[in-house]
Amino acid sequence: MGQADSITGQDLREMFAAATDWLEKSAADIDALNVFPVPDGDTGTNMLLTMRSSMEEAYQASEGSASSVAQAMSRGALMGARGNSGVILSQIWKGLAQGLAQKESFTGSELAAALLQASTVAYKGLSNPVEGTILTVIREAASAAQAHASNVSDDVVSVMEATVGAAKESVANTPSLLPVLMEAGVVDAGGQGLYTILEGALHYLKGEVEQLKLRRPWMIASSVPLIAKVPQMVGAEEVPYGYCTNFVIKGQRLNPDKLRKRLEKRGQSVIVVGDNSAVRVHIHTLDPGDIMSYVIPLGTLHQINIRNMDEQYRDFLEMRRERMPAVDIAIVAVVAGEGLSNVFTSLGATAIVHGGQTMNPSTKDLLQAVDSVVSEKVIILPNNKNIVLTANQVQSLTTKTIEVVPAKTIPQGVAALLAFDYEADLETNTQNMNRAKSAVKSIEITRAIRSTRLGGLDIKKKQAIGFLDGDLVAVGDKTDAVLNEVLARVDLDSAEVITIYHGADTKPAEAEQVGVTIRQQHPQLQVEVVPGGQPHYNYIVSVE
Amino acid sequence: MAVKIVTDSLGDIPSEVAGELGITVIPINVLFGTESYRDGVDLTTDQFYHKLMHSKTFPTTIVPPLDMFVDIYNKLAEETDEIAVITNSHKLSAAYEAALQAKELMKRKCRVEVVDSLWAVMAQGLIVIAAAKAADAGASLDEVVALAHFNIPRVDVRMVLDTLEYLKRGGRIGKAQAFLGSVLKVSPVLGLRDGEVFPFARERSRAKAIDYLYNFAASFSHIDEMAVEHATTPDEADELTERLSSKFPKERIYRSKVSPVIGAHVGPRVLGVAVLGDK
């Protein structure tokens with residue numbers, strides 16, 4: 001096509017036929033995005049089958065007007081809708097057809113108006129619209145189309161470009177709206193499907209035939225980083241999810257709104273769409289028989305499809321496992337402070353046991369954490385010299401294989417965790433982590449709880465004291481001054497990275513200042529100041 | 001008639017090496033919006049990465065039209081009756097697919113074998129170079145293809161990145177997703193496994209990450225070929241090559257630049273080592 005003032009019915013049909021082929025290329029990838037608790041079978045496949053049904057009908061449309069093609073697409077989609085996202089997609093086409101009613105062809109602004117109508121109708125079909133799904137994507141795409149058409153250009157291709165651009169951003173943003181997506185580190189599958197359809201249509205409009213043929217749709221990466229927690233997700237495997245139940249009722253004087261209200265009491269993820277002669281139902285229920293008996297008096301049932309969601313979920317987990325590095329080793333770390341917990345989880349720790357100096361966890365606490373992870377092999381990072389022995393006890397209480405990497409400080413624990421290799425076996429990992437932990441120097445600054453004399457130093461109660469790798473080496477009134485004194489004992493010229501974790505009792509501004517001073521004195525160092533939030537220790541510093 | 005070797009530009013084979021060994025390189029370019037960009041022709045490398053860092057739109061990869069593959073096959077078929085095409089991983093681009101399809105469309109009678117290297121960058125490049133050397137020495141098409149398959153599991157590559165941001169933006173992050181979200185600043189070391197991006201290590205500093213590259217290359221017990229490549233940091237590449245010369249003759253270490261397509265996904269300060277050999 002290329003430049004176009006308006007789109008005819010034939011263009012509409014061809015562009016979505018191209019979009020269907022485009023979607024087909026990534027249907028399997030979209031299936032892989034699926035995430036509990038909205039198990040919808042295979043979203044990509046379902047949307048593809050819905051589109052196929054839609055296009056079959058469109059090719060049978062008697063007239064060539066945009067209006068009648070859109071209506072045929074809508075009808076085909078309703079009859080062929082599969083799964084949650086397929087049903088919502090059918091509502092999008094229904095809205096689009098309403099928006100294009102009576103139109104022989106349409107311009108950019110008319111397309112934008114029809115997309116807005118599509119968004120409205122899609123929301124209406126659901127009893128409980130959830131944001132961060134295909135709904136958000138159609139809404140944001142439609143409003144971008146509208147803004148573009150009224151402020152920039154009425155050109156149909158450029159409106160479609162704006163629509164696709166907004167859809168892409170919207171998809172990338174879905175994990176920040178829907179926590180389950182964030183947890184799984186994926187974007188919404190239905191949203192990705194819709195984006196792919198719109199993108200395929202745009203390629204057609206721009207005449208990019210080669211691209212349609214040779215390239216594959218790109219899967220949008222989540223704009224929110226994935227915190228890998230695969231083992232916990234697998235742990236949720238036991239919960240029963242029931243049956244994903246789909247069917248069409250044909251009859252007379254059907255009332256979709258009333259039926260939706262009735263069905264809401266009988267299941268979850270209820271979608272009821274259609275008109276007074278045909279209604280499509282999608283519902284998650286523990287008892288599909290109950291639903292069937294309830295609707296059978298209303299008319300005849302067609303396209304009945306009941307799928308066991310537990311099986312779907314298992315398939316999904318299997319797929320997830322393939323997508324992530326195969327981690328059969330879990331890491332349990334003992335950490336105090338929110339900031340430090342974030343550091344450990346962001347680097348791949350599977351479970352955190354709260355504890356540290358003066359809050360030593362019991363063997364039972366550690367055992368519980370070990371039991372809570374699915375992996376049969378567990379590495380424990382005690383991160384404190386008083387916890388190493390406790391950690392060593394865990395092996396005698398569990399059938400799992402336990403390795404303790406005896407990190408005695410937080411910096412040692414971080415260094416060990418960073419050395420974890422997704423490819424390596426337990427033995428190699430233990431060796432690598434032990435080696436890595438020994439390569440860092442740890443500095444800890446805290447306040448004395450009583451007056452004493454130690455290591456040749458007179459210490460008064462509440463004075464700041466500084467430890468270097470566990471040895472008391474400095475004392476003073478101010479924590480930052482003591483930290484500088486300890487740092488002076490380390491050969492910083494041969495160091496590369498200094499990380500300063502400041503504790504709950506330390507003002508962030510003071511910590512930043514410490515960082516600035518070190519940077520000035522040693523410009524070759526990479527200095528990072530991180531809020532650790534740990535109790536008791538004003539500063540924990542690692543020198544690598 | 002010697003077997004002709006064809007590959008794509010994701011293999012990062014330096015043009016003088018390609019010329020010397022008679023390797024035909026099919027260009028895979030990037031497109032910024034509507035502007036196509038060819039490395040060193042339309043923009044300098046620095047201009048390209050400046051654009052990458054500051055442009056809102058992410059560049060897209062353009063596999064050349066089928067016609068170009070067909071034309072190249074037809075043209076080579078005037079000189080030979082056996083062509084080996086070794087492409088980058090089918091999981092990274094559509095080149096393999098296009099190379100296969102083009103085979104059906106060529107007019108001249110000529111045997112064409114297409115091999116999916118399952119690699120990119122100089123890991124792919126070294127497989128192709130080894131194939132070209134064999135072809136030069138008189139190997140038949142079957143022998144060249146067998147050698148390529150033999151070498152696919154013998155090659156490996158590691159690359160140090162400054163950030164995972166570009167991989168994420170480009171949607172090709174693969175299993176390196178596990179490295180996202182680190183609270184601490186880390187230098188990720190990535191490679192490819194089964195044709196996909198794979199996370200190997202995280203180092204706290206770039207210097208340590210470069211040590212990792214050295215140790216990776218040094219861990220091979222036998223080395224057939226080696227390559228060091230970079231995008232915008234020639235000095236680091238020089239230094240690393242110098243260090244590696246204790247393991248492998250410096251004059252035999254190929255020096256190359258990461259193609260813009262890969263560069264767009266890994267970011268400007270990428271530095272990598274590829275080795276063909278035995279571990």
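This is a predicted model: local features need pLDDT of at least 70, side-chain atom pairs count only at pLDDT 80 or more; totals for chains, interfaces and linings use all residues.

Guide: Residues are numbered from 1 along each chain as its sequence is written, and chains are lettered from A and ligands numbered from 1 in the order in which they are written.

Visitor: What percentage of the residues of chain A count as buried?

Guide: A residue is buried if 20 or more other C-beta atoms, placed from the backbone, lie within 10 Å of its own. Chain A has 544 residues, and the share that count as buried is 52%.

Visitor: In chain B, what is the order of the open sheet of four strands?

Guide: Strands (E) are DSSP runs of at least two residues, helices (H or I) of at least four, numbered from the N terminus; two strands pair if DSSP finds at least two bridges between them. Strand E1 (residues 4–8) of chain B pairs with E2(B) over four bridges in the parallel sense. Strands E6 (residues 82–87) and E7 (residues 111–116) of chain B are also parallel, with six bridges. The open sheet in chain B has parallel pairing and the order E2-E1-E6-E7.

Visitor: Which strands are the edge strands of the open sheet in chain B?

Guide: The sheet in chain B has the order E2-E1-E6-E7. Each edge strand pairs on one side only, and these strands are E2 (23–26) and E7 of chain B.

Key. A residue is buried if 20 or more other C-beta atoms lie within 10 Å of its own, exposed if 12 or fewer, and partly exposed in between; C-beta atoms are placed from the backbone.
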